[in-house]
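I opened this notebook to record what I looked up in one structure.

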Amino acid sequence: MSLGMEFFPDPARAQALDKRMRQQLLDSLVYIFDALHDQPPEDLEGLCSLVSALKKGHLASPSTFGLYYEAAGALLQGREAEGLAMLRAMETEHTLDSRNLRILTLDQVTPDTRRQRYQRLMDTDPDTPFRIVSPPDDTAAKGLGDFRQAYERLKLAVPDLGGEFDALVREVVLVAGAPELGYDFAGGSCYMLWGALFINAQYHDNDIAMMEAIAHESGHSLLFGFTIDEPLVLNDERELFVSPLRDDPRPMDGIYHATFVSARMHWAMSRLLDSGSLSVRESELAAIYRTAESRAFWNGHQTVSAAARMSATGQALMQSATAYMAAFPAPS
């Protein structure tokens, strides 16, 4: 499948990326099912039902993607009993009723095993803990309303970005950081939970900040969608780099992501400013955010240019982002 590497949002391309990701999941599950022909049939009923539903065009949830990655990882590492137990748990997975976006808080993710999977897969970096919890009730109610309002405004003001978001994202989960986390964050995502975004309900105090977060996290999802065939960078994940984007040394993949996504947020703020839909104060905020994203992009670009060993995919995407940002030099 030939996919354009243009920097700008493209809803049709996003739909193709989502379709490809879902086909890859189905193909992998069929392969695993066929490889387990010696297992008792009753042990694989849940997996068989899920495969049948996906073949009919039903949509796997982010939880199903996560369970697949955990099961496949266990099987590849020789933990067969654990992997088989996860495959049997496929019977608890339900396909999505529609492509409509679900907006919920972490404590609304049920059953408990699914919520715990989300927490586990969002907290996989031993050097940087990322323990998420559900926001307090009063924050949750406000966060749900704030997200819906910003999301609808963004779709009207920047329809291409809204269309791309709708093609890539099935669930927005509002969260908060655990009390012991020790730092704040805007949101997060994980390639193993395809279709899910996690937004900090306590972080965004206006529509502009929330719309920037939507552009931010969906930008990460877009990059995840490009990594089926090859990673964006070929640097060893154990190799850490100092970057002006972070206080602590990070793997190159994270620096690459942050750099590309900074350009996406710059573009989103520019389109909002051009839309005529912002108040005077909102325009001031969007201009401030846009300047900050220009600085962030060029700071990250220094590290990527100097030390990244990019794949052909990574090179093409970064070149496209750099071509866009060339008109916006780093502020002094």
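I began with the residues that line the largest cavity: S189, C190, Y191, L193, W194, G195, A196, S221 and F224. A cavity is a set of points on a 1 Å grid over the protein atoms alone where a 1.4 Å probe fits but cannot get out, and lining residues have an atom within 4 Å of a point.

I noted that the model is predicted: local features need pLDDT of at least 70, side-chain atom pairs count only at pLDDT 80 or more, and totals for chains, interfaces and linings use all residues. Residues are numbered from 1 along each chain as its sequence is written, and side-chain values use heavy atoms, without hydrogens and water.

I sorted the lining into six nonpolar, three polar and no charged residues. Here Ala, Val, Leu, Ile, Met, Phe, Trp, Tyr, Cys and Pro count as nonpolar, Asp, Glu, Lys and Arg as charged, and the others, Gly among them, as polar.

Next I looked up the largest nonpolar core, which has 79 residues. Such a core joins buried Ala, Val, Leu, Ile, Met, Phe, Trp, Tyr and Cys residues through side-chain atoms within 4.5 Å; buried means under 20% relative accessible area (1.4 Å probe, protein chains only). L29, F147, Y256 and F260 have the most contacts inside this core. Helix α9 (residues 252-275) gives the most to it, with eleven residues; helices are DSSP runs (H or I, at least four residues), numbered from the N terminus. A second, separate core of 17 residues includes Y118, L121, V175 and A196.

Last, I found a cis peptide bond between T110 and P111, with omega about -5°.

Notes:
1 Å grid on protein atoms, 1.4 Å probe; cavity = no way out; pocket = protein on both sides within 12 Å on 5 of 7 lines; lining within 4 Å. Buried < 20%, exposed > 50% of the residue type's maximum accessible area, 1.4 Å probe, protein only. Helix = DSSP H or I, 4+ residues; strand = E, 2+ residues; numbered from the N terminus.
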